[in-house]
Amino acid sequence: MTTRDIVFTAVGAVTALSALLSVTTKQVVHAALWLLVCLGSLAGAYLVLGQELVGLVQLLVYVGAIVVLVLFALMLTRAPIGPHAEIDTPWWQRLAGALLGAATTALLASLLLPLFSGATADLDTPTTTTPQVAQAVFGTWVWPFELLSVLLLVALIGAFAVSRLVLHRDGGDGARHPGTVSAGARSDGRG
Amino acid sequence: MIHLSLPAALSALLAGIGVYGVLARRNAVLVLIGVELILNAANLLLVTAGSRPGAPLSAGPVLTLFVITIAAAEITVALAIILVMFRRTGHIDLTAVPDLTDDEPDDLGDAEDPHAEDPRADERDGHPRDATREPAVAAEGLA
């Protein structure tokens, strides 16, 4: 056990525990907050593994954007405050889920642990530093990188279109059914 | 120096927890949390494999950045669909089969029915998600 091993074990324990809590807690908002802890400590794990850039991007994108989006979605769907049994499937389905999750873990561990057994990374002289990553992104990987920019744009427009199309249709139906006009118009103004 | 079997084990654990999260939740947003955990397991595995000595082209960290971007795009579209589902059905329970197709005339006829149940009744007894509410009522609730 080296120092980095010990630090990684500590960070990894926090990550695994908060991930477990985020999928088992009965309180909807707590699940998102535990996800925040999990992703944040995973960013710490990336730092321990010597990938500062990935860790910081993880903090910015996941913790800063995705968890906030999830929280907004929970607020917009009027998530119940306090413990709520309605967010989980029945117990037998959860048992099957737990068995499948354990099977996934066992399968991946039995595959990965022999693969990485004895493998070490000397992080004091790292093989991939941030300048190298930057050069790779804008050199070897530049076309996939550009494609990802297009993907983000498409996702943005797609998300907008998905919500707008239904709103628009609600309004159109409202013209035929006077009862829904006000509802459609009001959500239109908010959207 | 770090032994790479530790992050590999954590990655396997995170993937298993994510699979459980996807299967054990009925709330659509919480299912997405499980998906995020699986994606993060993949990311951790990429970083782990990329920090082996002699990994070519900086593939590990670069592909991790790509996966993070794809995850951001994915969750944007997924949350938009979930919000549409909430607006149409009044709940985001995935065990009640969501109907996101075109409007049926019957559906709106129900919403127009003057004898329909008071839409706020189910909120008063503290279970706003239980009953399937009509689309018009759901839209009204959002406004």
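The model is predicted: local features need pLDDT of at least 70, side-chain atom pairs count only at pLDDT 80 or more, and totals for chains, interfaces and linings use all residues. Residues are numbered from 1 along each chain as its sequence is written, while chains are lettered from A and ligands numbered from 1 in the order in which they are written.

**Core**
- The largest nonpolar core has 78 residues. Such a core is a set of buried Ala, Val, Leu, Ile, Met, Phe, Trp, Tyr and Cys residues joined through C-beta atoms within 7 Å. Buried means that 20 or more other C-beta atoms lie within 10 Å of the residue's own, with C-beta atoms placed from the backbone.
- Leu35(A), Val70(A) and Val29(B) are among the residues with the most contacts inside this core.
- Val29(B) touches residues including Val70(A) and Ile82(B), not counting those up to four places away in sequence. Contact means C-beta atoms within 7 Å.

**Helix pair in chain A**
- H2(A) and H3(A) pack at an angle of about 175°, with axes 8 Å apart. Axes are lines fitted to C-alpha atoms over the stretch in contact, and angles run from 0 to 180 degrees between N-to-C directions.
- The two helices, H2(A) and H3(A), are therefore roughly antiparallel, a label for angles over 145 degrees.

**Chain contact**
- Chain B gives 80 residues and chain A gives 93.
- On the chain B side, H3(B) gives the most, with 24 residues.
- E1(B) pairs with strand E1 (residues 120-121) of chain A in the antiparallel sense, over two bridges. His3(B) is the bridge partner of Thr120(A).

How values were computed. A residue is buried if 20 or more other C-beta atoms lie within 10 Å of its own, exposed if 12 or fewer, and partly exposed in between; C-beta atoms are placed from the backbone. Two residues are in contact if their C-beta atoms, placed from the backbone, lie within 7 Å. Helices (H or I, at least four residues) and strands (E, at least two) are DSSP runs, numbered from the N terminus. Angles under 35 degrees count as roughly parallel, over 145 as roughly antiparallel, 65 to 115 as roughly perpendicular and the rest as oblique. Two strands pair if DSSP finds at least two bridges between them.
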